[in-house]
Amino acid sequence: MSKILTYLAVQDGKIKRASLEVLSHCRALAQEHGWTVESVLLHPDARSLATTAQQYGAETVYYMDHPQLQAHLNAPFLAALHAVITHANPHVVAFASSEAVKDMLGALAVRTQAAVLSDVASFHIIAGGVEAKRPVMASKLIARTQAQGARVLVSVRAGAYTAEEAPTEAALVPLPFTFDVDTLKQQVREVVQDALGTLDLSETQVVVAAGRGVKDEAGKALVTQLADTLGAAIGASRAVVESGLFPASAQVGQTGKVVSPDLYIAVGISGAIQHVAGMQNSRVIVAINKDGDAPIFNYATYGLVGDLYAVLPPLINEIKQVLPTTPE
Amino acid sequence: MKIAVCIKQVPDITAPLHIQNGALVFDTNRMVLNAYDASAVEAALVLLENREGSIHLFLLGPDRAKETIRKALAMGAHEATHLLVPDDAALDAYLSASLLAEQLKQHTFDILLCGKQSQDTDAGLTGTMLAEHLALPYATNAVGLTLEDDLVVATRQGDAGQEIMALETPCLVTCSNDMNNPRIPSIKGIMQSKRKPVQTISVTPDATPSTQVMGYEPLPERTPGVQWEGEPLELARRLVHHLNDEARVLS
């Protein structure tokens with residue numbers, strides 16, 4: 001029987017929601033095709049995290065809990081994934097797309113002799129492989145793409161699927177981590193955490209994003225206040241990342257993160273195609289911009305033509321009045 | 001210091017395009033140097049600003065891609081190898097990386113730079129595939145690159161922050177366009193580029209690609225939205241009313 005293996009990425013001590021979304025989709029595919037769905041966890045706390053994997057329907061959870069797997073570094077994670085894939089021998093391996101996964105996927109495909117599709121919006125199983133829809137040309141259109149082979153790796157954009165609980169009695173299978181750290185030819189000297197809140201853009205259901213219209217610290221404070229009121233992560237266009245007002249990890253777009261939350265509020269963003277490529281699949285899009293002709297209004301569910309400095313204060317107030325409880 | 005840079009010619013994604021019977025048709029035939037690769041070339045030039053060294057470009061592509069090689073030579077690279085494939089060659093990231101790796105194995109270099117992805121397909125696979133083929137330590141999505149004695153120090157934008165990596169040479173780094181602003185070739189650079197050596201080697205993929213585009217589709221249509229003007233308080237109230245009662249995203 002064929003198998004589909006889902007990689008469950010860990011961030012801030014939890015399995016990433018985007019990984020659970022992919023696991024839920026893999027479970028549905030496995031049911032449809034009579035396959036088994038398995039997952040893999042690579043983290044020092046993997047054993048306790050495995051209960052979450054069981055909640056979401058993995059039938060077997062392979063794990064490695066070596067201390068070296070605490071933080072991302074491509075060589076040890078590649079070695080670990082290669083070992084798990086060799087052991088489990090799945091036909092399809094699915095990942096939630098992230099910078100850490102992008103840092104490994106091509107190399108892993110070569111090492112495991114797999115065909116590979118990255119950053120897909122959706123995928124399904126076909127005879128002899130996988131078919132996926134990939135946004136291309138700055139997400140102006142979709143390429144229907146097939147990968148053929150005995151093994152296919154696929155990474156999926158966040159928000160493509162919904163995570164649904166489906167508890168199982170999964171077997172937990174520890175595997176040895178045999179990577180020799182003395183062979184490392186690279187090391188992480190330091191990780192400079194961005195100071196902009198702790199909410200991960202690809203993990204929240206609401207994103208408030210700032211663009212060129214946000215000119216100064218006062219504007220940034222309004223954006224932050226709106227985000228805090230909504231329990232939202234903060235995004236940014238390339239312009240305000242380059243100006244230094246927002247950190248690079250907040251950048252949404254072709255170059256930054258691709259998000260598809262329930263609600264995306266674009267504050268002072270004009271809507272260059274490179275930015276739109278990163279947010280156009282959001283369910284509800286709100287645009288607030290002085291310029292009524294800004295291209296962002298072509299994508300907005302609700303467009304407000306007005307000065308963000310004038311609109312945000314009453315907007316924050318009005319939202320506070322309708323929210324049942326304001327998140328901390 | 002020897003720096004190798006892999007570059008690619010891509011269609012200009014800002015030019016108008018449409019889909020005809022499932023195929024992609026560009027309304028202009030404009031081809032450009034992949035923007036991320038331009039950042040890789042720029043990064044190489046910056047590394048050599050106060051240092052002896054050379055920059056060797058590697059491009060896999062059809063005959064017309066030689067324009068793109070000239071562009072990168074005009075920026076200041078010293079020589080190039082053009083791995084020439086027929087216009088209709090079927091290539092994916094896997095085959096491209098294999099062909100490039102086979103050639104790169106015959107050269108020595110301290111650093112191999114690539115763009116982090118190509119701006120037409122945004123797949124971002126070829127760089128790490130090359131690193132694996134060549135057994136090189138690597139860093140992807142670099143926004144900063146410097147040299148410290150024998151080490152290459154790359155700052156990569158990770159998921160939650162910037163990871164400052166030290167790599168032994170030879171190594172591979174894939175470059176973000178947030179790393180720099182690639183220079184525009186000067187007239188002098190363009191003149192000099194015509195005399196710089198370009199070696200052309202015909203190559204043929206030894207397999208059919210494992211991934212293939214079956215056809216193109218337009219994006220799913222968005223329901224047209226509404227646009228309001230008015231007093232800030234009125235706008236705020238109207239929006240909250242719609243978000244709460246119509247879209248039901250506030251709860």
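**Strands across the chains**

I started with strand β13 (residues 186–193) of chain A, which pairs with strand β11 (residues 161–168) of chain B in the antiparallel sense over seven bridges. Strands here are DSSP runs of E of at least two residues, helices are runs of H or I of at least four, and both are numbered from the N terminus. Two strands pair if DSSP finds at least two bridges between them. I picked out one position: Glu190(A) has Ile164(B) of β11(B) as its bridge partner.

Some ground rules for myself before going on. This is a predicted model, in which local features need pLDDT of at least 70 and side-chain atom pairs count only at pLDDT 80 or more, while totals for chains, interfaces and linings use all residues. Residues are numbered from 1 along each chain as its sequence is written, chains are lettered from A and ligands numbered from 1 in the order in which they are written, and side-chain values use heavy atoms, with hydrogens and water left out.

**Chain B against chain A**

I looked up the contact next (heavy atoms within 4.5 Å). It involves 80 residues of chain B and 90 residues of chain A. The size of an interface is often given as the accessible area lost when the parts come together.

How many salt bridges cross the interface of chain B and chain A? The rule finds six, a salt bridge being a side-chain nitrogen of Lys or Arg within 4 Å of a carboxyl oxygen of Asp or Glu. Over all chains the count comes to 20. I wrote down Lys133(A) with Glu217(B), at 3.1 Å from N to O. I also wrote down Glu148(B) with Arg189(A), at 3.0 Å from N to O. That pair joins two chains, because Glu148(B) lies in strand β9 (residues 138–148) of chain B and Arg189(A) in strand β13 of chain A.

**Two domains in chain A**

Chain A is divided into domain 1 (3–183) and domain 2 (201–322), with bounds from an automatic or database domain assignment. Their C-alpha centres lie 31 Å apart. Each domain brings 11 residues to the contact. The area buried between domain 1 and domain 2 of chain A is about 1,000 Å², and carbon and sulfur atoms give 40% of it.

Most residues other than glycine have a negative phi, and most peptide bonds are trans. I noted an exception of each kind in chain B. Thr169(B) and Pro170(B) are joined by a cis peptide bond, with omega about -5 degrees. Pro170(B) sits in the loop between β11 and β12 (171–175) of chain B. Asn21(B) is not a glycine, yet it has a positive phi of about 50 degrees. I located Asn21(B) in the loop between β3 (17–20) and β4 (23–26) of chain B.

Methods. Buried area = accessible area lost by both parts, 1.4 Å probe.
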